[in-house]
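I opened this entry to keep a record of what I looked up in one structure. The notes follow in the order of the look-ups.

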Amino acid sequence: MNLKSKGLVNLEINGEIYDYKLYQSLDALARVNSQRKAAKELNIAHTVFNRRLIKAEEKLGFKLSKKSGNGTILTYYGNKLLEEYKKYLIQIEKTENITLAGGHISSGLLDSINHPFKLHIYSSSDEDAFELAKRGAVDILTLDDPVIAYERDIDFIPIAYDYLVLISSPNSKEIKSINDLDNLNFVNVNGSAQRLAWNSLNHYDVKYNITNNVNSQFDAFKLVRNSKNLHSFLNASYFKGNEILKFDTRHVISLIKVNEDKEEIDDFINFLLNEGQTAIKNQGFIPME
């Protein structure tokens with residue numbers, strides 16, 4: 001079996017994440033019964049191959065391979081580990097349905113547009129969705145803010161632009177300039193693109209107070225609208241508000257292909273980047289130019 005996965009496909013064991021390279025090595029060793037031949041097949045040095053197994057064995061607490069005559073074979077535990085990974089690959093490849101998890105804004109977008117694909121969508125924060133992707137539980141990860149990908153040097157695919165607008169409590173003073181934001185109280189949305197707003201305020205030397213933290217922009221909106229003198233920066237695609245930081249907070253809505261082996265995923269991404277751009281625009285997002 002040729003494990004072609006190049007993205008976030010991996011398996012978690014006792015809290016440790018082991019990426020596809022380990023399982024690729026186990027698979028090669030199971031077929032050729034030689035570390036040197038397996039390393040050559042994978043186009044890596046024998047020392048790299050050996051170190052990969054030893055490092056995993058140290059974390060797992062059991063041996064994955066053993067000497068047999070003039071070669072090397074998998075132990076019982078090595079075979080069991082490889083078997084579990086193969087079961088996982090079969091699981092994610094056996095259906096045409098595309099499983100997707102992502103932030104509330106990006107997953108909500110894909111849930112709203114019309115398309116000919118079968119999607120299972122899980123909406124959460126970017127961070128929680130990323131944890132699902134690391135476990136290989138989804139085919140596509142969508143991001144409200146690409147910072148997770150930036151920080152980990154992961155390739156991502158932009159599908160739309162968005163920006164943040166200022167939402168204020170009823171009867172709050174009118175905000176006409178950046179300086180009017182000084183010393184205001186704000187609601188922070190964890191895992192959102194609001195970092196762009198806070199960075200901008202810091203850049204303009206505007207003092208601000210974060211008095212509340214919530215996990216969704218919809219919770220932030222309700223809190224602001226039902227309070228006095230409270231504000232928040234929320235996505236313009238979902239909320240109408242003051243565009244005072246429009247250009248400072250413009251950012252991409254993006255996705256990461258987690259499962260490399262399902263053809264339907266490429267078809268879906270091609271749809272989003274082409275004819276799907278009209279549907280994306282109709283949902284209030286800025287299409288890719």
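What is the relative accessible area of Phe218, and is the residue buried, exposed or partly exposed? I found Phe218 partly exposed, with a relative accessible area of 34%. I use buried for under 20% relative accessible area, exposed for over 50% and partly exposed for in between, with a 1.4 Å probe and protein chains only.

I note the ground rules here: this is a predicted model, in which local features need pLDDT of at least 70 and side-chain atom pairs count only at pLDDT 80 or more, while totals for chains, interfaces and linings use all residues. Residues are numbered from 1 along each chain as its sequence is written, and side-chain values use heavy atoms, with hydrogens and water left out.

**Aromatic pairs**

I took rings of Phe, Tyr and Trp (its six-membered ring) as paired if their centres lie within 6.5 Å, with planes under 30 degrees apart called stacked, over 60 edge-to-face and the rest tilted. The count under this rule is 15 aromatic pairs. I looked up Phe186 and Phe233, which are stacked at 5.5 Å centre to centre with 15° between the planes. Phe186 belongs to strand β10 (residues 184–189) and Phe233 to strand β12 (residues 231–235), so their pair ties together parts 47 residues apart in sequence. Helices (H or I, at least four residues) and strands (E, at least two) are DSSP runs numbered from the N terminus. Both Phe186 and Phe233 are buried.

I then returned to Phe218, which pairs edge-to-face with Tyr238 at 5.7 Å centre to centre and 80° between the planes. Phe218 sits in helix α9 (residues 217–225) and Tyr238 in the loop between β12 and β13 (251–257), so this pair links parts 20 residues apart in sequence. Tyr238 is partly exposed, with a relative accessible area of 31%. I also found Phe218 and Tyr238 in one aromatic cluster with Phe221, Phe239 and Phe285.

**Strand β10**

Five of the six residues of β10 are buried, so I record the strand as largely enclosed by the rest of the structure. Six bridges join β10 to strand β11 (residues 208–214), and the two run parallel; strands pair if DSSP finds at least two bridges between them. Asn185 has Asn209 as its bridge partner in β11.
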